Amino acid sequence: MTPKAPRDDFSDADIEVSEPKTYAAGMGGVFHSMEPAILEMGLGRTVKLMTKINQKGGFDCMSCAWPDPSHRKIAEFCENGGKAVTWEATPLKIERAFWKEHSLTSLEDKTEYWLGMQGRIVEPVYKAKDSDHYEPISWDRAFGIVAEHLNGLEHPDQASFYTSGRASNEAAFLYQLFARVLGTNNLPDCSNMCHESTGTAMSYSVGIGKSTIAYDDFGESDLIIIMGQNPGTNHPRMLTALQEAKENGARIVAVNPLPEAGLIGYKDPQRVRGYVGKPTQIADQFLQIRSGGDMALLQAISKRVLAAEAAAPGTVLDHDFIERHCDGFEAFAEHIAQVDEREVEQATGLSQAEIDELADRYLSSDKVIIAWAMGITQQRQGVATIKEIINLLLLRGNIGKPGAGASPIRGHSNVQGDRTMGVWEQMPDSFLDALGAEFGFEPPRAHGVDAVNGIRALDEGRIKVWMGLGGNLLGAISDTNLAESAMRKTELSIQLSTKLNRSHVITGQEALILPVLGRTEVDEQLSGPQYITVEDSVCAVHASHGQIPPISDQVRSEVAIVGGIAHATLGDRYGIDWLGMIDDYDVIREHISHVVPGCESYNEKTRTRDGFVLPNGPRDERRFDTATGKARITVNELEPVVCPPGRLLLQTMRSHDQFNTTIYSLNDRYRGIKKGRSVIFVHPDDLAELGLADGQTVDIFSEWKDQPDRVLRGFRTVAFPTARGCAAAYFPEANVLVPLDSTALESNTPVSKAIVIRLEPSSTPVGVGRPVVV
């Protein structure tokens, strides 16, 4: 059965709203995963792929970076992982007639959902300077166009090379090598917009910007605190680990502005009771915190820990750990003693009793894990908040022992691996030295642009060529209108993609779309079938093998495209054998083993069924490679988020049927939304105070400093049990409300979790308004 693309006339006016769910997964998870797979791919293709996803010898899920347990289940995937496979492995193709029928102008009003559902891109296409249409071209011509533009630049920094976290380690390594041989460190990536705050804070505090736990630590923990994260939608397989942790005696605390289904209950679809029994209660305590209040909460807990130590000296803090492995404790203790409890209550919206209960849970637990995601990182004080997470863990030695540690949960399948392979605009000199020695050239040393500064550079005309290895920058970045205007100023934009998205519609004067193999597809090169490697959230590296034939003989692997562009642009400069690396990925992995720390004998290690785990100083040996050689307990000044009267604090978020900017359907069943996305979730008491009604159509205005208001028109209000004074809407639609200049301190991550907004009654029909600046 061949799937059909969605019809053009679908309107959010059809939105249906029902009560939100109180548990995740169960039969619904199975049905909503397998029904679209069978309908769109057929039974045989579905069975072949679903029995190989996340299996040893199979392929790694292209969705989130949740780690795999050592013992795999028969179905080692979640609902959204199944949807990701279906979305990629659909047999639906974009035929040549599509490019003739649809001009770029006609595609501008299409949604991300509609664009993604048109099918796979199966041949290179090119938009000429004076054309409003893409047209198919040959690979040689495509590579020639890129090479001509890159070689014609006045300076290499006039090019920028963006990367998505779905790229493999091999492709990422080759990509950053190409950029640096060309002469630039302009290597922004999707991490700039999500976990950059994590890397900045943890690198400073503990010497590594990655998780300090292993997968099995969840099963050994006494207490798991989940902050700013919705595992039921964004990392559903995490719920199984949390269920198993509870069965081993752990307690779980959820800190979040919204009561998400996966934080309330879970029905494990791989157990009989997941269908007939009651849901497992996930959160033993739910702290419904006000947006932006997490740092205040953490400081209040640390204050109570120090007070408990003062009341019973020598029995609460891990003095030996602090003395041997930490610095900064005295200044921290003096600072925390001054925390104002009234300010904490105002910032968090929590009662003293709720905060005391969490403090008691922490004090009674010997092994504590704190996990977080973008609800923390995308705050103005995201870096300082994560430093406070580390502070709290360090006080009782909760780093570097089984069942304890810091656990940032990455939302992209290989975003952590991309960074390990050198995709970062400010890689350290040690990496650049090794790269230069391996390939016989002097890498550029000046830091490049990140995602936000890359948009500024585009807008100012400083970047002429922009290339994207996967992803959808214009859908993901803040300040949508400014970003799109900036992209139109480039001379050439290039996308390596499987399917259409917004970044293919809003282009440079010239544009290329280069179709790539999916992770599900067999990658055949001159030396035979190839495998690729990825790194998950706990630093485990393993192989991924495609399983089905490519959708077209014109699609190429990421490695083949990047290497082909590099060869066309640079030739044999420095004697680098780009074509040899395309022919046999072992050659790339051998280079990786010489350049990337912890990746020695990379070919041998990645050929084992379990792969290997990268070394991690804090986790493995309580070694902290910071400037002081110790873990740094830090002093951070609290700056509460100010929300004027009559305003709300908006956070952007995913729907359930969504992976980053990829929309699988227009439903969000866990929150009770069906057939649309133009909604804003507001507490019913806040709606009443604002003089608005549930179901009313409103315009959403964001207010930031002295800049003009940004507005989304025609959104339906949904009365929802959010934290008081807070609201939520879906991204990428709501990204237009986030000013480009509104970024987290130190990390420059867009602040998408505390946007000051006002709501006004609207005459615009729901779902037909375009985002504008007024």
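**Exercise 1.** Work out how helix 9 and helix 21 pack against each other.

*Solution.* Start with the angle: in this predicted model, helix 9 (residues 196-206) and helix 21 (residues 382-395) pack at about 45°, and their axes lie 8 Å apart. Helices here are DSSP runs of H or I with at least four residues, strands are E runs of at least two, and both are numbered from the N terminus. Axes are lines fitted to C-alpha atoms over the stretch in contact, with angles from 0 to 180 degrees between N-to-C directions. Helix 9 is therefore oblique to helix 21 (under 35 degrees is roughly parallel, over 145 roughly antiparallel, 65 to 115 roughly perpendicular, and the rest oblique).

Next, look at who meets whom, with contact meaning heavy atoms within 4.5 Å. Helix 9 brings residues including Thr198, Met202 and Tyr204, while Ile386, Lys387 and Ile390 are among those from helix 21.

**Exercise 2.** Find where Tyr574 and Ser601 sit, and describe their phi values.

*Solution.* Tyr574 is in the loop between helix 28 (558-570) and helix 29 (578-583), and its phi is near 65°, positive although the residue is not glycine. Ser601 lies between helix 30 (585-595) and helix 31 (602-606), also in a loop; its phi, near 55°, is positive too.

**Exercise 3.** Locate the cis peptide bond at Pro732.

*Solution.* First find the loop between strand 30 (726-730) and strand 31 (755-761), which holds Pro732. Then step back to Phe731: the bond from there to Pro732 is cis, with omega near 10°.

**Reading notes.** Residues are numbered from 1 along each chain as its sequence is written. Local features need pLDDT of at least 70, side-chain atom pairs count only at pLDDT 80 or more, totals for chains, interfaces and linings use all residues, and side-chain values use heavy atoms, leaving out hydrogens and water.
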